[in-house]
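The model comes first, then the text.

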Number of protein chains: 2
Amino acid sequence: MAESPSPIKFGIIGCADIARKVSRAIILSGNSTLYAVGSRTTEKAARFAKENGFPEWAKVYGSYEAVLEDPEVDAVYVPLPTSLHIKWAVVAAQKKKHLLLEKPVALNVGEFDVILEACESNGVQIMDATMWMHHPRAAKMKEFLLDSSHLFGQLKSVHSCFTFAATKDFLENDIRVKPDLDALGVLGDAGWYCVRSILWAADFTLPKSVLALRGTIFNSAGVIIACSASLQWEDGKTATFHCSFLANLTMDLTAVGTNGTLHLHDFVIPFEEKKASFATSVKSGFTELVTGWDPKPSEHTVMTDLPQEALMVREFSRLVGSIKFGGAKPEKKWPALSRKTQLVLDAVKTSIERGYETVEITG
Amino acid sequence: MAESPSPIKFGIIGCADIARKVSRAIILSGNSTLYAVGSRTTEKAARFAKENGFPEWAKVYGSYEAVLEDPEVDAVYVPLPTSLHIKWAVVAAQKKKHLLLEKPVALNVGEFDVILEACESNGVQIMDATMWMHHPRAAKMKEFLLDSSHLFGQLKSVHSCFTFAATKDFLENDIRVKPDLDALGVLGDAGWYCVRSILWAADFTLPKSVLALRGTIFNSAGVIIACSASLQWEDGKTATFHCSFLANLTMDLTAVGTNGTLHLHDFVIPFEEKKASFATSVKSGFTELVTGWDPKPSEHTVMTDLPQEALMVREFSRLVGSIKFGGAKPEKKWPALSRKTQLVLDAVKTSIERGYETVEITG
């Protein structure tokens, strides 16, 4: 990977918890630097900068606008509530800032298309902050899934489950349970990862239809805090997922092909930072008399020097560097993945709103 | 466990492949013996007896009737095609033979109720041959699931997947793909295990409704060879399952509670015969900055001297011995579990037949 002549200068707008992890990732990335942070007050921004390893010379601003007005800022990381994405992502793009945008990227595809239009017409890169995609484990698993002739075969079904037991405080006060801030609730949060993992396993072919499954749980403000859905593809593949704020932390991804099976239980956040595993089985069968398996599944471990979020920042900054210093065009792969993910989320939400009707997906 | 004064004498009617495994299980059980086998020809029965460790003095019959007429036979194991269960199970019960019946127990609950009536009025024990329930691992896992205050909490969701890649020969010739023999296809075979595992995790509370998911695959004779369904309970619990003859061998069970998660990938047939594992996590959370899990899941291994099918036979024969030698009544728990499993299978089939309508379950 060609290094940029100088590190990409990041501005962060908003001091959400997740911004702490991403600040560390920027420091670790090797090709970007923490340059500015903006919050609703200068004090809050200054405290965030101090607590999260910003250099002494970093700019501390009392507004998001100020970050976007700073001509030195190359890229902004946007961890704001989802309902604010459209406004700030568009302004950022207009100010020619490249965008690392938290998920869900918008409240719906219509909003995201406005953001995409702003990015395209201003020539800026956009990437969503789905960290696990950047772990080298994802590439290794993809090799397995793509080996259609020997290892995995053709994908037949996927199941993804991401739940966590939110605290009482989270369930009352977190932005993800507030209809005016993150109206997609758990579907936009944990559900985003489930949908992304399913699409990833399906090589980003969109399903032809989506059905939310009965049993959605809403909070008193009408925000989804647990739900499930099923997806169907033209070729007969199927998938299901379950996401919830109300059950013990679980992060399962299972993909079953004609010849092989992939399993992992920590797909969003690996159990450990420097190594991650997954299990595969290929052409599994039984011993004589069906008293055991032969062959048995095998476990694969992938080491990484950098955590997945630092690799994400590194890849984003590499693309930004290519544009800034090399005259390259923005990479369209990343916004395309974001848009497909959002499209499926929208369909799940529509299915719930229509009383669990099947919703056709039109790309 | 009190031993019977003498071993329970088994007759086997039909020489299906699975009968080989159960013959070995009867030998291993310690409280029962291979006494007779009946097939459509004496030659076939004799060959089966010879190849499967029957004692020299064992009775070899050229019909199923002959086995049921033999007054020395205490119990029969019935591995016949599902469509024949109602006929032979009823005759067996009338002849006062206790019944170890292969799954699915019948083509539908109506038929099974006829079998149950025959068993009740003749005072015979009936148990279905769902082997995994008898592995000591199942009891250990149940302890975990039932610890509602500390470990697992309240069950919120279950996912079960049982698929295997059937050979071309199986897909053309196996009884499980023939509409006149096993009209339930994969739903009655692999799907039986999925439904049983879900009900087991839900402590055999029946769901209030069942919905088959679009994407059912039928063979040219109209038999289901891949399908999925979702289940909903009154209290908000949900479950999904997927079963297929068209995908790599996979046997997943995941149960997620408010505090804990249970995972295993070999729930029907353990990877190894003498030991079996499962993974649990309890009150899982993250490290500071969400860069890993704390605590991590833990693995539990359960050893067993006898394979699960021998433990099944042992439990069945213990119950038969209590009736035969101790004047006990048949244990009603086992047929009740069979009936609930069949009830849910029926609902899935009805949902498919009605074009994926939600089907209410009425116990």
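Contact here means heavy atoms within 4.5 Å. Helices are DSSP runs of H or I with at least four residues, numbered from the N terminus. The model is predicted, with local features needing pLDDT of at least 70, side-chain atom pairs counting only at pLDDT 80 or more, and totals for chains, interfaces and linings using all residues. Residues are numbered from 1 along each chain as its sequence is written, chains are lettered from A and ligands numbered from 1 in the order in which they are written, and side-chain values use heavy atoms, with hydrogens and water left out.

**Helix packing in chain B**

H9(B) spans residues 190-201 and H11(B) residues 333-353; the two pack at about 115 degrees with axes 9 Å apart. Axes are lines fitted to C-alpha atoms over the stretch in contact, and angles run from 0 to 180 degrees between N-to-C directions.

| Helix | Contact residues |
|---|---|
| H9(B) | Gly191(B), Trp192(B), Val195(B), Arg196(B), Leu199(B) |
| H11(B) | Leu337(B), Ser338(B), Lys340(B), Thr341(B), Gln342(B), Val344(B), Leu345(B) |

**Domains of chain A**

An automatic or database assignment sets the domain bounds. Domain 1 of chain A comprises 8-132 + 308-330, and domain 2 of chain A comprises 135-305 + 342-360. Their C-alpha centres lie 27 Å apart. To the contact, domain 1 of chain A gives 20 residues and domain 2 of chain A gives 26 residues.

Three salt bridges cross the interface of domain 1 of chain A and domain 2 of chain A (a side-chain nitrogen of Lys or Arg within 4 Å of a carboxyl oxygen of Asp or Glu). Lys103(A) forms a salt bridge with Asp189(A), at 2.7 Å from N to O.
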